[in-house]
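Visitor: Can you walk me through this one? I want to start with the ligand contacts.
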Amino acid sequence: MTTQTKLEVSDLVKHFGGGLSLMRKRRPSVQAVRGITLKVIAGEILGVVGESGCGKSTLAKMLVGLDQPSEGTIQLDGNDLVGANGKVNLKQHARRVQYIFQDPISSLNPRKTIRDILSAPLIYLQGLSAEQRQSRLEELMTQVNLRPEFLERYPHEFSGGQAQRIGVARALAAEADVLILDEPVSALDVSVQAQVLNLFKDLRESLHLTYVFISHDLGVVRNFCDRVAVMYLGRVVEEGPVEAIFSQPRHPYTQRLLDSVPGQLVRKLPAEDDAVELPDPMHPPVGCAFAARCPVATAECRQSDPELDALATGHRVACYHPLSPPDANNHD
Ligand SMILES: Nc1ncnc2c1ncn2[C@@H]1O[C@H](COP(=O)(O)OP(=O)(O)O)[C@@H](O)[C@H]1O
Ligand code: SF4
Ligand SMILES: [Mg+2]
C-alpha cells in the first residue's frame, strides 16, 4: 500500500452552542471535538471507535463539510477542504468526500426514484448528457450489485442492505474517492452486514477508495480496518495499526473498550465501579479526561492533558503512563 496522505486533519475543534443568550447569560457550550490531528492514508480503512457521544459523528460531519469546524484545518490530497480561515471548500467536499449514513432508507428522498437520486450528481456535478447518464447509471448499479431495473423504484421498496448500496452508488456518482462510513452496517440485519462490508472491500480495491469507518462494533473493526483511532471525549487517545491496537493496547481506555469484547485474550483492567462519573462534554476536566475512570491515574494526569505521542512505528498514545505491552506483563 502507498503511504500517500489522503486526508489530513490538524487541530480540529468543534463546539456547539456557547455565546450569550437574549438575557445576556452565557449559554452552555458542548465541546464535541477537542483538538484532533490525524492522517488518513490513501487506500486504507481507518477505523474510528469510542463510546457514544465521544464525537465520532461530529468529526465525520466536518470531514464531509456538513459541519463547519470551530478551529483547525482539513486537507484532501494536500488541498484545503477547510482552510486556516475556517472557509469550507464546498465544491471539493461535495464531490470527493462523501458521507454514508447509518440509516440508509431515511437518507434517501422518499419521493424520488433511484434514477432521480443517482442522476442529480451526474447532472449537477458532472454535467453528463442524457445518453451518458444512462450508461453511467447502469454501470453504478452493477458496481453495487443491484439490477438496473431497480432504477425506476422508490427507496421504500428496498431492504436496508439494498438501500445502503444505493447510498454508496450515490457517493460514487459524485466521483467520491473518500467515503466516511458512519456506523454503515449497524442498522442492518447481521446476515446482511457481511455482504455490505464485502461490497465496501471490493469497491475499495476496484475503485481505489479510501474509507473512514466509524463503528462501535470492535469485532467488525478488527476484521475490516487497517488502522484504528480510539476517541474519548472529543480527542484521539490512541491510534495505530489494527493488530497493534487489538493485541497491544497501550491506553487504559482502549484496554477498557477491549475488555468488553468476548474472546479477547489480553489482560483485563479491574472491573469498573458502576458509580463512576463520566466526564461532561459541557465541562471537560482540566487534565486527562479519562482520569476519573483510570486505574493508574496519578496527580500529574489531573493537571494536564497528555499529547498524542508516537510509541513505536505508527502507534501513538496520549497517556502519561501507557500500559506495558501484554507480553511484558505476563512476567508480573
Ligand atoms: N448539533 C449539535 N448540537 C449540540 N450538541 C451536539 C450536536 N451534535 C452533537 N452534539 C454533542 O456533541 C457530542 C458528540 O456527539 P457525536 O459526535 O454525535 O458523538 P458520537 O457520534 O461519538 O456518538 C455529544 O455530547 C453530543 O450531544
Ligand atoms: S494520562 Fe493518566 S489518567 Fe489518563 S489514561 Fe493515562 S494514566 Fe490514565
Ligand atoms: Mg454517532
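Guide: A polar contact here is a pair of N or O atoms within 3.5 Å; within protein, one must be able to donate a hydrogen and the other to accept it, and residues adjacent in sequence count only if both atoms are side-chain atoms. The model is predicted: local features need pLDDT of at least 70, side-chain atom pairs pLDDT 80 or more, while totals for chains, interfaces and linings use all residues. Side-chain values use heavy atoms, without hydrogens and water.

Visitor: How far is the polar side-chain atom of S57 from an oxygen atom of ligand 1?
Guide: 2.9 Å. The side chain of T58 also has an N or O atom 2.6 Å from a ligand 1 oxygen. G53 uses its backbone: an N or O atom there lies 2.6 Å from an oxygen of ligand 1.

Visitor: How much of ligand 1 does the protein cover?
Guide: 60% of the 550 Å² of accessible area that ligand 1 has on its own. Areas are Shrake-Rupley, with a 1.4 Å probe.

Visitor: Which element gives the most to the shell?
Guide: α1, with three residues. Both β2 (29-41) and α1 (56-63) supply at least two. Helices are DSSP runs of H or I, at least four residues; strands are E runs, at least two.

Visitor: Switching topic. Is T113 buried or exposed?
Guide: Buried, because its relative accessibility is 11%; the cut-offs are under 20% for buried, over 50% for exposed, and partly exposed in between. T113 sits in the loop between β6 (97-100) and α3 (114-124).

Visitor: What does T113 touch?
Guide: L151, E152, R153 and Y154, leaving out residues up to four places away in sequence. Contact means heavy atoms within 4.5 Å.

Definitions and conventions. Residues numbered from 1 in each chain as written. Chains lettered and ligands numbered in written order. Buried < 20%, exposed > 50% of the residue type's maximum accessible area, 1.4 Å probe, protein only.
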